[in-house]
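Hello,

Here is the structure we talked about handing over. Please load it first, then read the notes below.

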Amino acid sequence: MYKSYFLLLTLCLSIIFSGFALATNHSLEVTNQALKVQPSRVDASDPVTYLQSKTAAIEFAKQQNWAQVNKLTKKLINEYQHDGDTWYLLGLSYFQLADYQNASDALQRALAIGTSLKGIPNGASNPNDLMVKIAEAYAELNNQQQAEYWLKKALAARWDDRPTLAGTSLFKPGTNPHFERFAQSASYKSLAGNNLDTELNRDQKWRADLAFLVAEIKRLHVAMYQNMSSQQFAEKVAEIDKSIPVLTDQQIVFQFMELIALLGNGHNLLIPAWGEKGNFQQLPFQFYQFSDGLYITKASSDYQQYVGYKVEAFADTPAYQALELTKRVNARDNEMQTLWLGPYYLSLLDVLNGLGISKGNEVTLTLSSPKGAITTVTPALKSMQFAGFPKLPKLAEHPTLRYLAKNNTPFWSEQIKTNKLLYVQFNDVRNSKDLTLAEFAKQLQAQIKHDDIEHIVLDLRHNSGGNGSLTPPLVATAAFFKGLKPQGKLFILIGRNTFSAGHDVAVKIANIVPAIFVGEPSGTRPNVVGEAGWFNLPYSKQTGLISSQFHQQSRAEDHRIWLAPDMPITLSAKDYFAGIDPVMDAVLTITMQ
């Protein structure tokens, strides 16, 4: 009896969990096997000289002096063969010197051992990028079979830049020149994702897009059934496939957005602005959900008079209900992203149509003026444009307001001498045109060391991410400050669009030094499924991204759904339009005491 009960229980558990994360979680997958690499010699005869030579090789690589890199790394490997960094540098040097067979051999050794060397021009140290570099070497050797073999391995390892093979990447114009000699072959086109049969009819082409999207989700997403079952996903795919003949192009794209939203992670989205089919129409307004309602914060020149108006309804749907409905297309890490991105989705007419809020080619908004007068407007539409999710705009009436004045500048700082405080606003994780983030961090450290500074404010309220590999110098600066000024306070200002690499900065700093969080809960989790695997659909050319990696920035057991503020403060429309920053005002009050 006990045995039969145990078997029944096991069967039930297997059924319950079969469609969820346990079946498709790729976060523990690796591209090499540590137990298959046997070290034959684990020391260098002269460790000091070895280190000096390795340091020199890295510097020569950064200077792209590949002949010197090749010379040094060959000596290093002759001395010690178990460092993936030296094999990686050797492989890159051979590649740049057009010795492609030796490049392939060395890069495969680097892949087997592993490397994480960053900052090398023309480099590719991530495992799947390394596989593509090996494929490029074989392509130069005119070995199409091996080139495609390594491309297949890269794709299976969730390589996140497949559009570069088809020449449809947003960031790297043109096709990869290394693969030109066989770019027109059917097998390569299949790998590139641009092998659409031109003889198909319209419905068949959209179904090809659907099939490609589903395949890319399954290939790229690190844990696609984390927030849904496999049955839910399959049912949605079947529903879309069946409906394609009766849907417009825009309606199909909306259905794709709903499918992606089922994944439930903030790095999953489709951007219907750059495609050849199914692009969306947009209202001439930017909305923001304040503590006291949804308001228009920005408008095109023909509708400037409505800035500062509260949105009461979209057609017959109250604004708060419309915001709730955006969850159907808004894949998110937590519900702060509803406040952040929901208003943006409400600016897209085809989203409003898909959610059943509006119909046809227009929508009427019910607004209330700052004096309480009710009015309606049916705005003219424009083609959707996208240059990143919008930030809270600065105010014409308060152009110097600190937290808004330069929120599109990657980073900047200001000393507030009355409070002995250094204010640092970090808005985008990227280098500026004239200053790298590392150089900026050095400047901050010099100020901390030499100026009369007792407290630091790091404002991350507008920072929704970027290149996370650039952040260590800023994190080190926080540690430098606390080491030099242990009694000083470090305030980190956060909010709904503190996200991705911007959010990682806050988590990493709080891991090593005490920090006081001020503002709203953040827009993501400390440990989260993230990254950005880009896709480009073969027929419609619609573009989007899929979460391809698990990022653990905090301890393994950290299950927080956001960074909770130690000083919870949100923003009202009344304060915003009056030019008041209650978050910074609270910090200034504390640091004056």
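**Aromatic pairs**

Searching the whole structure, a predicted model, turns up 30 aromatic pairs. One of them joins phenylalanine 290 and tyrosine 576. Their ring centres are 5.2 Å apart and their planes meet at 35°, so this pair counts as tilted. It ties together distant parts of the chain. Phenylalanine 290 belongs to strand S3 (residues 285-290), and tyrosine 576 to helix H21 (residues 573-577). Phenylalanine 290 and tyrosine 576 are both buried.

There is also an aromatic cluster. Its members are Trp274, Trp340, Tyr344, Tyr345, Phe386, Phe389 and Phe499.

**Charges over rings**

Two lysines are worth a look here. Lysine 153 places its charged end over the ring of tryptophan 150, 5.4 Å from the centre. Lysine 406 lies over the face of tryptophan 412, and there the distance to the ring centre is 4.0 Å.

**A helix pair**

Helix H5 (residues 84-96) packs against helix H7 (residues 127-140). The angle is about 35° and the axes are 11 Å apart. The crossing of H5 past H7 is left-handed. H5 brings Tyr88, Leu92 and Phe95 to the contact. H7 brings Leu130, Lys133, Glu136 and Ala137. By type, the contact residues of H5 with H7 are five nonpolar, two charged and no polar.

**Positive phi**

Most residues other than glycine have a negative phi. Two residues to check against that follow.

- Asparagine 122 is not a glycine, yet its phi is positive, at about 60°. Asparagine 122 sits in the loop between helix H6 (100-113) and H7. Its relative accessibility is 41%, so it counts as partly exposed.
- Alanine 315 is not a glycine either, and its phi is positive at about 55°. Alanine 315 sits in the loop between strand S5 (310-314) and strand S6 (317-318). Its relative accessibility is 27%, so alanine 315 is also partly exposed.

**Two aspartates in loops**

Aspartate 292 is in the loop between S3 and strand S4 (293-299). Which residues does aspartate 292 contact, leaving aside neighbours within four places in sequence? They are Lys310, Ser572, Ala573 and Lys574. Serine 572 is 280 residues from aspartate 292 in sequence. In space, C-alpha to C-alpha, aspartate 292 and serine 572 are 5.7 Å apart. Aspartate 292 has a relative accessibility of 29%, so it is partly exposed.

Aspartate 428 is in the loop between strand S11 (421-426) and helix H18 (437-450). Is aspartate 428 buried or exposed? It is buried: its relative accessible area is 15%, and the cut-off for buried is under 20%. Not counting residues up to four places away in sequence, aspartate 428 touches Lys391, Asn408, Pro410, Asn463 and Gly465.

**Two buried leucines**

Leucine 348 is in the loop between helix H15 (336-345) and helix H16 (349-354). Its relative accessibility is 0%, so leucine 348 counts as buried. Beyond the residues up to four places away in sequence, leucine 348 touches Phe280, Gln281, Gln282 and Met384. Proline 284 is 64 residues from leucine 348 along the chain. The C-alpha atoms of leucine 348 and proline 284 are separated by 9.5 Å.

Leucine 352 lies in helix H16. Its relative accessibility is 0%, so leucine 352 counts as buried too. What does leucine 352 touch, not counting residues up to four places away in sequence? Its contacts are Leu283, Phe314, Leu346, Ile357, Ser358 and Val363. Threonine 326 is 26 residues from leucine 352 along the chain. The C-alpha atoms of leucine 352 and threonine 326 are separated by 8.6 Å.

Best wishes

Terms used:
Residues are numbered from 1 along each chain as its sequence is written. This is a predicted model: local features need pLDDT of at least 70, side-chain atom pairs count only at pLDDT 80 or more; totals for chains, interfaces and linings use all residues. Side-chain values use heavy atoms; hydrogens and water are left out. Rings of Phe, Tyr and Trp (its six-membered ring) pair if their centres lie within 6.5 Å; planes under 30 degrees apart count as stacked, over 60 as edge-to-face and the rest as tilted. Helices (H or I, at least four residues) and strands (E, at least two) are DSSP runs, numbered from the N terminus. Buried means under 20% relative accessible area, exposed over 50%, partly exposed in between (1.4 Å probe, protein chains only). A charge sits over a ring if NZ of Lys or CZ of Arg is within 6 Å of the ring centre and within 35 degrees of the ring normal. Axes are lines fitted to C-alpha atoms, for helices over the stretch in contact, and angles run from 0 to 180 degrees between N-to-C directions. A crossing is left-handed if the near helix is turned anticlockwise from the far one by less than a right angle, and right-handed if clockwise. Contact means heavy atoms within 4.5 Å. Ala, Val, Leu, Ile, Met, Phe, Trp, Tyr, Cys and Pro count as nonpolar, Asp, Glu, Lys and Arg as charged, and the others, Gly among them, as polar.
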